[in-house]
Amino acid sequence: MRKWILRLHLYGGLLCAPYLIIFGFSSLHFNHHFSFVTAAPNSREWQESLKIEPDQDNDAMAKSVRDSLGLAGWTMPWKTKRGPAGDLQFDIERPGKSYTVHTLVSENKVRVEERRKGFWQVVNSLHALRELPNAPFVSFWGVYTEICTWFVLFAAVTGVYLWVNSRRERRIGLLAFLVSVAASLALMLFVVLRG
């Protein structure tokens, strides 16, 4: 039984290591905003002929145009505005690219500004990504996230089990545990007292 748990603990850790590295990096970036993650200017513009139904609310129209263009991503309601002629401008965000879409209702055209994101921005955007409109393959990342989340809980429990049942490493394990608890409590105390 112990050998089976040890193998699951080891190989499950190897399976989830890439996800945990991405999750850790993106968590650090959210707090510290690394300068190398910023996007390099890499954009292009293109147009598409498209019959647009102007008698919709802004959100419905933005999603309809996005779907008609075959673009994947979330429409950004706070970056959506409609002009006096009924033209709509909105943004679409997804890992890898962002778009600003300008509808020209009277001309039955859409003008799109497409901006590519760099490698580190894509890595950063994978943090807790579960699904993406018009991108069914991304749901596999959501399944991988779920598997890794449950494995981390399993690894914590089995790690304690394996440590308790190992006579050789009991003393060093207890020392590591006590040091990590003390460091965690000291950090929490520092945040409470110093803000």
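## Threonine 100

Does threonine 100 count as buried or exposed? Threonine 100 counts as buried because its relative accessibility is 8%, where buried means under 20% relative accessible area, exposed over 50% and partly exposed in between, with a 1.4 Å probe and protein chains only. The model is a predicted one, in which local features need pLDDT of at least 70 and side-chain atom pairs count only at pLDDT 80 or more, whereas totals for chains, interfaces and linings use all residues. Residues are numbered from 1 along each chain as its sequence is written, and side-chain values use heavy atoms, with hydrogens and water left out.

Threonine 100 is found in strand 5, and its side chain makes polar contacts with the side chain of aspartate 91, at 3.1 Å, and with the side chain of arginine 115, at 3.1 Å. A polar contact is a pair of N or O atoms within 3.5 Å; within protein, one must be able to donate a hydrogen and the other to accept it, and residues adjacent in sequence count only if both atoms are side-chain atoms. When neighbours within four places in sequence are left aside, threonine 100 is in contact (heavy atoms within 4.5 Å) with Gln89, Phe90, Asp91, Arg111, Val112, Glu113 and Arg115.

Strand 5 is largely enclosed by the rest of the structure, because eight of its eight residues are buried. Helices (H or I, at least four residues) and strands (E, at least two) are DSSP runs, numbered from the N terminus. In a regular strand the side chains alternate between the two faces of the sheet. Here Lys97, Tyr99, Val101 and Thr103 point one way from strand 5, while Ser98, Thr100, His102 and Leu104 point the other way, and all are buried.

Strand 5 pairs with strand 4 in the antiparallel sense over six bridges, pairing being assigned if DSSP finds at least two bridges between two strands. Glutamine 89 stands opposite histidine 102 of strand 5, and the hairpin of strand 4 and strand 5 has two residues between the strands, with glycine 96 taking a positive phi near 100 degrees. Strand 5 also runs antiparallel to strand 6, to which eight bridges join it, and there lysine 109 is the bridge partner of leucine 104. The hairpin formed by strand 5 and strand 6 has four residues between them, and asparagine 108 in the turn has a positive phi of about 55 degrees.

## Helix 2

Helix 2 (residues 58-69) has twelve residues and reaches 16 Å from its first C-alpha to its last, close to the 16 Å expected at 1.5 Å a residue, the expected span being 1.5 Å times one less than the number of residues. Aspartate 57 caps the N-terminal end of helix 2, with a side-chain oxygen 3.3 Å from the backbone nitrogen of aspartate 59, and helix 2 is followed by glycine 70, whose phi is positive, near 75 degrees.

Met61, Ala62, Val65, Arg66 and Leu69 are buried in helix 2. They lie on the same side of helix 2, because they cover an arc of only 135 degrees around the axis. What covers the buried residues of helix 2 includes strand 4 (88-94), strand 5 (97-104) and strand 6 (109-116).

The structure holds zero disulfides, a disulfide being a pair of cysteine sulfur atoms within 2.5 Å. The sulfur of cysteine 148 is 3.0 Å from the closest cysteine sulfur, in cysteine 16, which is too far for a bond. Cysteine 16 counts as buried at 1% relative accessibility, and cysteine 148 is buried with a relative accessible area of 1%.

Key:
The arc is that of the directions from the helix axis to the C-beta atoms.
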